[in-house]
Amino acid sequence: MLWTDKYRPQELSAVVGNKKEIKIITDWVNAWKSNNPQIPLLLVGPPGIGKTTLSQIIAKQFSEHIELNASDKRSQEIIKSTIGESSSSRSLFGDEYKLIILDEVDGIHGTNDRGGVKAIGDIIKSSKHPMILIANDFYSKRLQSIKPKCQVIKMKKSRWNSITKLLREIAQAENVDANPAALKEIALKSQGDVRSAINTLQALSSKDSTLEVQDVENMKTKDTRSDIFNAITGVLKSKTPAHVKEAMWIEEDPTLVMEYIAENIPREYKKKDEIKKAYDYISKADIFFGRTQRSRNYGYWKYASDFMGIGVSNSKHETYKKFTKIQTPTIFTLMSRNRGKRNLRDEIAEKMSVKLHVSHSIAISMFPYLEIMFKNDELAWEISDYLELEDNEIKRFRSKKIPKKVINKMEKQKAQMRVEERDRRAEELKNQMITAAVEIEDSYEISKPDETKAEDTVKKEPPKEKKEKKKTDKQVSLFSF
Ligand SMILES: Nc1ncnc2c1ncn2[C@@H]1O[C@H](COP(=O)(O)OP(=O)(O)OP(=O)(O)O)[C@@H](O)[C@H]1O
Ligand SMILES: [Mg+2]
């Protein structure tokens with residue numbers, strides 16, 4: 001069990017820091033409880049400092065509450081239908097207040113973004129129920145129209161000494177013999193992010209039940225192996241393919257190398273188009289790593305490695321003369337990235353399996369088909385809309401954004417459709433995707449003679465081979481030197 005869950009504060013007094021803010025929130029709750037309606041609260045602040053935790057503690061004070069994620073399009077529908085009605089139609093007698101928690105209001109959004117902001121704005125206007133909205137970025141465009149309608153509470157990062165104290169308590173409860181200096185070191189490194197501090201403590205305590213300063217320091221040096229640094233420097237500082245290839249020839253987990261390159265691209269590259277191009281290559285590399293993982297076909301590694309190596313190195317116009325310190329993608333970023341890359345594939349697969357009623361692994365093996373379908377702007381929009389994909393998920397299938405013009409057109413088209421028409425179109429899309437899945441299944445049967453690999457999921461996706469072949473050809477010409 002994650003210690004962040006095990007030790008998630010259950011009452012306000014257990015929440016570290018932000019005492020003044022907590023007082024304001026308590027007053028707000030009390031006002032509601034004495035039947036004195038208040039405008040919604042908007043909690044804004046960096047990750048891992050207890051925003052969600054706080055809202056959940058407050059929820060206990062209300063007879064009923066509902067937690068929604070604003071970046072999930074389903075929530076928007078729930079808001080519009082259920083909450084939309086009940087929030088404005090609370091009867092004056094008898095009913096208890098229902099607390100509405102809307103998390104990640106500034107989250108990553110899909111194609112129907114504007115609808116989302118507007119829906120939230122409408123609810124705020126008409127809601128008779130208490131609402132708490134949560135966001136990370138105070139300056140997010142999405143919050144512009146929402147901020148004036150709320151009481152904004154800026155939550156601050158926690159101080160290192162309060163984090164140290166919390167870590168000490170957890171270490172004690174877990175019987176970890178921790179050197180106070182080591183705990184302080186973790187707290188300092190977490191830079192106010194309580195969640196990452198606790199995660200780190202758990203990661204470092206898992207081997208034995210002692211924790212020394214050395215362990216915390218090792219964590220840093222473990223990743224900073226000089227060959228990784230050579231590889232990164234090679235990719236970012238050079239444009240000579242042969243040199244880059246040589247630098248990349250190291251014995252290290254290539255996905256870790258990719259994390260390093262990704263982390264350092266914006267530190268080294270300064271022009272927008274360079275950074276964008278470089279990240280496109282990183283996402284291509286990531287797709288191939290995904291394939292490697294699914295198929296155990298390590299031949300794909302080479303392509304991934306070329307994309308993140310030569311591709312990224314070629315994304316810059318010329319080599320920068322400045323000195324950039326290579327940053328480690330710390331255990332913090334790797335662990336605390338709960339919306340991170342590694343989950344992306346599974347999140348998409350989950351959405352697909354719900355909508356298409358296929359298993360997770362079939363859904364994943366359909367990805368190459370979706371890549372092909374996503375080449376068409378309109379189809380890309382329709383599928384994303386149907387599967388309720390977010391922007392970052394759409395990116396998994398196509399590097400180019402769906403043009404604004406197409407989005408507007410398709411949104412309008414959908415708005416004009418009658419319900420039956422919409423359903424029919426959805427059914428068509430579903431069938432189109434399912435057909436792809438069936439083909440995958442069929443070819444799986446055909447390729448079964450290869451007993452050794454029969455269980456391997458990649459055998460379910462041979463049509464992809466053809467496509468990849470093409471990609472490879474292109475890649476060869478792109479990278480021939
Ligand atoms: N102020 C705090 N006091 C005690 N524990 C905390 C605090 N902040 C975070 N934690 C720990 O970190 C975990 C994650 O916190 P939480 O989900 O509330 O963060 P958040 O601010 O909502 O972050 P995000 O912006 O990423 O959603 C909690 O379960 C808890 O264990
Ligand atoms: Mg949160």
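## Confidence

Where pLDDT is low, predicted coordinates should not be read in detail. The chain average is 77, and 75% of the residues score at least 70.

This is a predicted model: local features need pLDDT of at least 70, side-chain atom pairs count only at pLDDT 80 or more, and totals for chains, interfaces and linings use all residues. Residues are numbered from 1 along each chain as its sequence is written, while chains are lettered from A and ligands numbered from 1 in the order in which they are written.

## Ligand 1

Around ligand 1 there are 21 residues (C-beta atom, placed from the backbone, within 6 Å). Pro 47, Gly 50, Thr 52, Thr 53 and Arg 195 come nearest. Helices H1 (3-6), H3 (51-59) and H8 each give two or more residues to the shell. Domain 1 (18-154) and domain 2 (160-223) each supply at least three.

## Helices H6 and H8

The axes of H6 (residues 160-173) and H8 (residues 194-205) come within 10 Å and cross at roughly 35°. The crossing is right-handed. Ile 163 and Leu 166 of H6 are among the contact residues, as are Ala 197 and Leu 201 of H8.

Technical notes
Axes fitted to C-alpha atoms, helices over the stretch in contact; angles between N-to-C directions. Helix = DSSP H or I, 4+ residues; strand = E, 2+ residues; numbered from the N terminus. Left-handed = near helix turned anticlockwise from the far one by under 90°. Contact = placed C-beta atoms within 7 Å. Domains from an automatic or database assignment. pLDDT = per-residue confidence, 0-100.
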